[in-house]
Each structure stands twice: as C-alpha cells, then as structure tokens.
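Thanks, everyone. Let me put the structure up and walk you through it.

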Amino acid sequence: MLDYDRSLLKNVAISVATLSLTIYTTYKLTKSYYQGKPPRPKDGVEELIGNTPMVKIRSLSKKTGCEIYAKLELSNPGGSAKDRVALNIIENGEALGYLKRGELGYVFEGTSGSTGISIAMICNSLGYKSHISLPDDTSLEKLSLLESLGAEINKVKPASIVDPDQYVNASKKKCKELTKTNRGIFADQFENTANWEIHYKTTGPEIWDQMDHKIDGFVAGCGTGGTIGGCSKYLKEKTNNKILTCLADPQGSGFYNRINYGVMYDNVEREGSRRRHQVDTIIEGIGLNRITTNFALNEKYIDLSFRVSDTQAIKMAKYLSVNDGLFVGSSTAINAVAAVELAKILGRGSRIVIIACDSGSRHLSKFWKEALTINSNITLEEIV
Ligand SMILES: Cc1ncc(COP(=O)(O)O)c(C=O)c1O
C-alpha cells in the first residue's frame, strides 16, 4: 500500500473514532440531563412538598473518608422540613371535619418560626387563616416572612412551658377562644403524632431510596422530635437495626444526657445558673428540656447523641459555605459537626445522611452575623 493511502486510512480511522466518541458523549450527557421526565406542573404549592433532593457534602466526605450526604429539606416550598408536618396536620384536621375546604377555618400554632411559616403558606394556598404565637426574640427573617404571608401574629415573652403565657400555651388559649364560633385546629406540633408519622411515611423512605438502600448513619437535631423519630424508626426497620442513628444536640439542651445516660438534664439547669431562655443557645428550632410525645414515642430508635457547641456550629456553617457552596441554617451546621463525629465511630467508607432543615437566609441577622466573622480558611481540625 502506498504511504499516501496508509495515511488516508489512518486519518479516516481517527475521524470515525472521534465522531463515535462525540456522539456517545453527547448521548450520555443528554440522557443524564433529561433523565426521567421533567416534573409536571402542580396544582398549588402544597403539591410541591416532599421529594427533596440529596447532595453529597464533598468537603466532609473527603476529609473523613466517608460519604456524607445532606437531605435538603430546605428545598421544600416553605423552606423547611416543617412543610411536610404542617400539611399532614391540616389534612388530618380536614379528615376529622374540623376544617373544610372553601369555608373559613383557622390553624393555630405556637412555634419559634419554621412551622408557622409552613402553616401560613399552606393556609394561604388552601383558603384558611393562620394564627401564630411565638417568642418575641424569634429571628427577624422568620418574623418578616410570617408577616409577609399575612399570618396573625401573637408575640410573647420567652417563658417555661409551665407558664400559661408561654407561646405554645398562648396559642392553645387563642384556639379555644376562636373555635367556639369558628372552624379551626390547634396544630400542636410537639404532641401531635401526625408530625413523626409523616416523616416515617415520606422523609424516611425518600432517604432510603436516594441512598440505594445503603446507609450506615443518620443524623438529625431534635425540636419536637418528629424528624428524628419518624426517620430513625423507618431506617432502623429497613436496615434490620444496623444503622446508627444520632441526635445532634445544641448546648443547654437535655436530649444529649437523655439519650446517652437516660436523664433529661443539662448543667445550665443547676440552681441559680439557669438563664432567661429555656435552652441557652444561638441555634434555632432544636434543643429542649422536656419530653414531648413525638420524641417519647420513638426515643428507642435513637442510638446516641453528640453535643455541639454554638462556636462549633458557627464555624461549621462558614466551612460548608466556603468549601461546598452549601449555605445552611444553624441546626444543619450542628448536624454536620455531629456527622463528622459519627464518621469517626463508623469508620472509612461509611455512608451517612444528615438533615439540612433550613437555609442560612433564615438566620442572617443572628446566627450568620456570627458566622460571617469566621475566617474563610477555617479547617475542619479547628472545628471538630
Ligand atoms: C430549623 C429547624 N431545624 C430542625 C428542627 C427540628 O425538627 P423536629 O421538630 O422535627 O425535631 C426544627 C424544628 O422546628 C427547625 O425549625
């Protein structure tokens, strides 16, 4: 064969190979981009609730030798996991005849923010009115959101649960007054079992499927106990009790001692040392010094607890933002610190999921004001 022919053949072969590779790559990229059908339009915001995404936290995974994922509950339309709970409570109220679509009805709740926002959003979509009692030191962002949603707001001084003017009790009282002549429900997220049940029915199964049935650890904080209780029960059942479930607790909260040592107690409760707030932490939404129904019913599915300080959480929030582009709220930062501790126990190669309950944008004026001051070069060793 002539040299010229040989070179022509070689060029043709290279061109065919390049073309095939280009076609194959384009096919693969297009396939992954359009994987499945795009979601169909929904009939209202309540239909957008749930089926939240899961994302790998690459920085923490690389550092620990594990795979650490965040279940992005902050992607719910109301910005937190509480959307699921609020919708389930309202739908239960409808099923029991306390609320009726198309008729005036009230949903009352005592909440430090997230649940109120979810209730207000869903009420607006379904044609009900929301009435929210909350502590007067709730972050400005949550307050503005509630006001923007047109919820009726009742601000009360932070107080112990035994005080009749504490925000949960204040809400219950308002509900009794108004439902004498109107339809309505008291959502009662701490005691209402519709709370943990929806996490058992939806959040837990979503995590299980998204992890391809391979999961070794689960981390969540505890406010009402609904998320950690419902998800832990589901994941324990699915893994034949093999998963390690972990409660991430802020300073001042009693769950850490309750889970690890069986007593609901924190040092700040020593006589004379207790400060104004029930749980003295900058973290919002989690931490408590009483046992709620949602916690009690599923406590047996929680294996261990890590205590995380405010300082650790503040540093972790900045670390995740700078290294992963994950801009999260205070309770998510706590979970991330606990996940690193859990990774040490589970060992390299383990797969851990944390709940990312809400976004940093809900915490700009309090928690993120502190987190902003942290050096962007902060290392994981300086946090955990
Ligand atoms: C921001 C945030 N994270 C976590 C939680 C805890 O969730 P749960 O009430 O299911 O224990 C809450 C509860 O209000 C919250 O507001």
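Start at Trp196. It touches Gly225, Gly226, Gly229, Gly230, Asn294, Leu297 and Asn298, leaving out residues up to four places away in sequence. Contact here means C-beta atoms, placed from the backbone, within 7 Å. Trp196 and Asn294 are 98 residues apart in sequence, yet 6.1 Å apart in space, C-alpha to C-alpha. Trp196 lies in helix α7. Helices (H or I, at least four residues) and strands (E, at least two) are DSSP runs, numbered from the N terminus. Trp196 has 30 C-beta neighbours inside 10 Å, so it counts as buried. The cut-offs: buried is 20 or more other C-beta atoms within 10 Å of a residue's own, exposed is 12 or fewer, partly exposed is in between, with C-beta atoms placed from the backbone.

A word on the model. It is predicted: local features need pLDDT of at least 70, side-chain atom pairs count only at pLDDT 80 or more, and totals for chains, interfaces and linings use all residues. Residues are numbered from 1 along each chain as its sequence is written.

Now the whole chain. Its secondary structure comes to 13 helices and 10 strands. Of its 384 residues, 48% are buried. Take the contacts between residues at least 6 apart in sequence: 73% of them join residues at least 24 apart.

Next, the cores. A nonpolar core is a set of buried Ala, Val, Leu, Ile, Met, Phe, Trp, Tyr and Cys residues joined through C-beta atoms within 7 Å. The largest one has 65 residues. Val219, Ala336, Val337, Ala338, Ala339 and Ile354 have the most contacts inside it. Helix α12, residues 330–346, gives the most to this core, with 9 residues. Apart from it lies another core, of 32 residues, including Cys123, Tyr128, Val168 and Ile185. Back to Ala338. Not counting residues up to four places away in sequence, Ala338 touches Val219, Cys246, Ala248, Phe306 and Val308.

On to the ligand. Which residues come nearest to it? Of the 19 around it, they are Gly223, Thr227, Gly285, Ser331 and Cys357. A residue is near a molecule or strand if its C-beta atom, placed from the backbone, lies within 6 Å of it. By class, the shell has 4 nonpolar, 12 polar and 3 charged residues. Ala, Val, Leu, Ile, Met, Phe, Trp, Tyr, Cys and Pro count as nonpolar; Asp, Glu, Lys and Arg as charged; the others, Gly among them, as polar. α4 and α8 each supply at least two residues of the shell. The largest share, 3 residues, comes from α8. And where does the ligand lie? Domain 1 (46–77 + 203–382) and domain 2 (81–186) both give residues to the shell, so the ligand lies between them. Those bounds come from an automatic or database domain assignment.

First, α3, residues 82–95. It has 14 residues and reaches 20 Å from its first C-alpha to its last, close to the 20 Å expected at 1.5 Å a residue. The expected span is 1.5 Å times one less than the number of residues. In α3, 10 of the 14 residues are buried, so the helix is largely enclosed by the rest of the structure. The cover over those buried residues includes β3 (105–110), α4 (114–126), β6 (183–186), α7 (194–210) and α8 (226–238). Just after α3, Gly97 takes a positive phi of about 85 degrees.

Then α11, residues 310–324. Its end C-alpha atoms are 21 Å apart, which agrees with the 21 Å that its 15 residues should span. Its buried residues include Gln312, Lys315, Lys318 and Tyr319. β9 (304–308), α12 and α13 (367–371) are among what covers them. Just after α11, Gly325 takes a positive phi of about 70 degrees.

Positive phi again. Most residues other than glycine have a negative phi. Asn51 is not a glycine, but its phi is positive, about 50 degrees. It sits in the loop between α1 (3–33) and β1 (54–56). Asn51 is exposed, with 11 other C-beta atoms within 10 Å. Asn241 is not a glycine either, and has a positive phi of about 70 degrees. Its place is the loop between α8 and β8 (244–250). With 12 C-beta neighbours inside 10 Å, Asn241 counts as exposed.

Key: Contact = placed C-beta atoms within 7 Å.
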